[in-house]
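Here's a quick briefing on cores and aromatic rings. Have a look at the model first, then read on.

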Amino acid sequence: MWGPSTSTSLASNSTGMKIIMGFVLLSMVPLVLLTSMFPRLTVSDERNFRFDQQMVTMPEQRLVGDSDNTGKLMDATFKPETVVVSDKLLRDSDFNNGSDNEDMNASNPIPEALQPVTFKECCSPKFVGPDVPGKPCLGTCFSERACNDTNYPFASFEEKEFMKKREVTGVFRRELRNVCTSHTHPPPLEWCQKPRFNYSSTNAPTYLVNNIPPIGCSYTSHGAGSGAFQNVIIFPSAKLAFCGIPKVGITQWAQFGRYVAGAKDYLSLPHYKTDAGLFAFDRLNEETQRQIWESEEWTWAAFIRNPVERLLSGFLDKISPKANQNDNTTNCLRFWFDSFNITVENMTTALEEEFGTSLYKEKDLLTFAERKQLFEKFVDTLSKPSNRTTCKVDTNRESCMNGLGWCTDPHFRPQVYSCGMSERLDRFQFIGSIDSIAEQAKELLQHIGLWESYGKHFINEGTSPSNGNVCAIVPSNSSRHVGFQQPDQMKNLSAADTAYGHSKDASKKKDLYLTPEMTEKIQNELYAHDYKLWKLVSANEKLSTGKELAAQLSSQCSPSKSH
């Protein structure tokens, strides 16, 4: 029998057990909370939470080409540096660090480009050709798949086949050059031209749109005569054709394309990277180009900018006494600059000594007054009529910058000339304004299904493993998932502020450089069509559709007259 004393003892023991169990349960709470804080990483192989520092030595590398793909020689020699790539696993908690973005989990995995850096090589895509030793500006760095996967940068063999480049013979290239450089005058600006389906043979240049240069002109030039489709970036998984326009945030979109493809060095300067070039619409095979242009399954989109700000930004960024002498257009810029008599003591000697680093590197060889005078001269030059019959720079060098047309450098060419917008604006499902880039870029990526999977996880800030080498940059461990084109509220930075000095703050400098008369000339004479389109687009909080805009620009594009 159980006596009273036994009952008391059991009660006491029972109470003790409850207390012990309570402590056990309480001790498990931090473990549960810790587990919820660090969801399972969806990575291709098992890795420890910490790994030894990866020491990478970058060979000396000289950049050829400038940041906007004009072919201008950047005066930047990168010397060997020993660098720390990372000293810890890049966890979601490291990235967020107080941001209000939702945590990533197994159903919404970390994009490949943000997974831990455990690989130090730089490789060009395997199917393109052998790697060029010591050329990180060409290869994809820190991404093992780039070195071992024969499909990289594409997601599958089928995607790689779809995105095949066009085979270009020497004969075809010469014919293309003649055709592309002979288009000198502005397009007719019909806005809603009847679709063209009567294409030429595969052995001749292909016209997707009437009365503008054919596709493929960038095979022969990155400047004058480069055509309308030079900067179209293809996102095959989302069926997006993004019309990049120089001086309208094109670098960020090129970075985003490499990020989606899985490049861990996506924050590097993208314009030299071999993998980025594989997504260029202008270089694709003709069948794929037609499908992307004609099929309603494909989305065409673009962002435009106030032409006054864009012109000033291009001037501050590109007008320099140095240019790549192998490029016709940048030679034209150099000839134009040299023809302007700058009255500064010893200026000629100073320019020779600092050739290529003066204006481009923002060194004060020119006073503000002289720079402003130079800008006024530049605007006057663009206003003069052009009598050019070819985009090739000829003996008439001083007048090679006269007028605006297909021979104009892409950084100053009217935005509506881009991607067929001047004749087929109605083909574009979405047109946005760079003034609303944060909201409208997110809206666009939501439409095409890239925001949740990629856009919202994008990290804007990176670290250079080579002490300033813009060709090998990885996301910073201390950065947050700010989101693509989203401002970093904690650091008060926009996406443009992190793009290698591309941001020239032109919107803040307009009043310093422009008189009311100059502004009027730019808006209503030089870039009248850009200004009209930008005014319509910027009036909308949401993205505009090309059909709606075309109808507002021309009565011939009204729904009742649509083809």
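Which residues do ring pairs link into a cluster? They are Phe235, Phe242, Trp253, Phe256, Tyr259, Tyr266, Phe303, Tyr454, Phe458 and Phe484, where rings of Phe, Tyr and Trp (its six-membered ring) pair if their centres lie within 6.5 Å. Keep in mind that this is a predicted model, with local features needing pLDDT of at least 70, side-chain atom pairs counting only at pLDDT 80 or more, and totals for chains, interfaces and linings using all residues. Residues are numbered from 1 along each chain as its sequence is written, and side-chain values use heavy atoms, leaving out hydrogens and water.

**Ring pairs**
- The structure holds 29 aromatic pairs.
- Trp253 and Phe256 have ring centres 6.2 Å apart and planes at 80°, so they pair edge-to-face (planes over 60 degrees apart; under 30 is stacked, the rest tilted).
- Both Trp253 and Phe256 are buried (under 20% relative accessible area, 1.4 Å probe, protein chains only).
- Phe315 and Phe378 make a tilted pair, with centres 6.0 Å apart and planes at 40°.
- Phe315 counts as buried at 2% relative accessibility, and Phe378 does too at 0%.

**Cores**
- The largest nonpolar core has 73 residues, and Phe229, Trp253, Phe281 and Trp300 have the most contacts inside it (a core is a set of buried Ala, Val, Leu, Ile, Met, Phe, Trp, Tyr and Cys residues joined through side-chain atoms within 4.5 Å).
- A second, separate core of 22 residues includes Leu316, Phe375, Cys400 and Leu404.

Conventions:
Buried < 20%, exposed > 50% of the residue type's maximum accessible area, 1.4 Å probe, protein only.
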